[in-house]
Amino acid sequence: MNSPRMDYRPFLEKLAQSEALAEWAAQLPAQIAKGLNPKRYGDLPRWQTALDSLPTLTPDTRHLNRSRVGAEGAADEASRQILTDALKGLHPWRKGPFELFGVHIDTEWRSDWKWDRLEQALSPLAGRRVLDVGCGSGYHCWRMRGAGAELVAGIDPTPLFIVQYFALQYYLQDFAVAVLPMGIEHLPEKLAAFDTVFSMGILYHRRSPFDHLLQLRDALRPGGELVLETLVVDGELGHILVPEGRYSKMGNVWFIPSTATLESWLRKAGFRDIQLVDVSTTTTDEQRSTDWMQFHSLADFLHPDDPSLTVEGYPAPKRAVLIAQKP
């Protein structure tokens, strides 16, 4: 890592203090180096340059427990413009929103809406070690920390999201939160170390949903809690949509079950006390193009004559949140 602002050492020191996570902490430097290899990711130096151009500003307050995660403090107009230009050098911003020194990062997703749907159903996060699988730039990781989590490890293999996380971390300076450049397959097997594990918007991208559920279970300590959010379709037990070709212009959607089927998958994977917390149709108010994500978004993925369908003719995206316990 060439940028001095991408420093995992404070987080790794915290991780190493946990007996259950110390072995993983020792493995992480090599995994991080592989996940942020500039020879593999040619845009990484450009993103690091944007990160290094962030102005030095001192926050008066930091906010991890409100809709716009971020920091407030004195900043003149010139500094705010430098800040805006640097942050826009990390386009596209998918998950958020964030706000830094009056600069509102209006992300594609209103991820705060998802948090609002599930927050009250969670076991309290205070004092818990949390894993967020496929966390993007880490918006929900910050919300988990704001809810009192002792330590939050987000994992996502996309280098841009890692640099975006460090842009927030530069001002938030909370080293109990990190976004690591890796997927769940890189976790030690049978880790059994986290009190709560989140998997949100990941299951339908997996060719083997059962393998993913078992990986999530194995990351949890006995008695730990899984928070699962994924696409679902209407239907009875056993109903599953397997899209041929693309789904909502996504080529990597494999299985979309009914909620009853999804609950049965969780039971098959060994979970118990399964609760269906929420089912919501995704709207173009929740996912949309903005100045901070200027590519196509949900409105472009729905059928032009019938927004209850995708452009391919499948049911439009609907998402469920389930909570389950590991015995």
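Ala192 is found in the loop between β9 and β10, where strands are DSSP runs of E with at least two residues and helices are DSSP runs of H or I with at least four, both numbered from the N terminus. The model is a predicted one, in which local features need pLDDT of at least 70 and side-chain atom pairs count only at pLDDT 80 or more, while totals for chains, interfaces and linings use all residues. Residues are numbered from 1 along each chain as its sequence is written, and side-chain values use heavy atoms, with hydrogens and water left out.

The backbone of Ala192 has a positive phi, near 50°, in a residue other than glycine. With a relative accessible area of 32%, Ala192 is partly exposed; the classes are buried under 20% relative accessible area, exposed over 50% and partly exposed in between, computed with a 1.4 Å probe on protein chains only. Lys190 likewise lies in the loop between β9 (177-180) and β10 (194-200). Its phi is near 55°, again a positive value in a residue other than glycine. Lys190 counts as exposed because its relative accessibility is 58%.

Cis peptide bonds were assigned at two proline residues. The bond from His91 to Pro92 is cis, with omega near 5°, and Pro92 is placed in the loop between α4 (77-88) and β3 (95-96). Gly96 and Pro97 are also joined by a cis peptide bond, for which omega is about 15°. Pro97 is located in the loop between β3 and β4 (98-100).

An open sheet is formed by seven strands in the order β9-β8-β7-β10-β11-β17-β14, with mixed pairing; two strands are taken to pair if DSSP finds at least two bridges between them. Strands β9 and β14 (272-281) are the edges, each pairing on one side only. From one strand to the next, the twist averages 15°. Within this sheet, β10 pairs with β11 (residues 220-231) in the parallel sense over six bridges. In that region Ser199 stands opposite Leu228 of β11. Helix α1 (residues 9-16) packs on the sheet and touches β8 (151-155) and β9, contact being defined as heavy atoms within 4.5 Å. The direction of α1 makes about 120° with that of β8; axes are lines fitted to C-alpha atoms, for helices over the stretch in contact, and angles run from 0 to 180 degrees between N-to-C directions.
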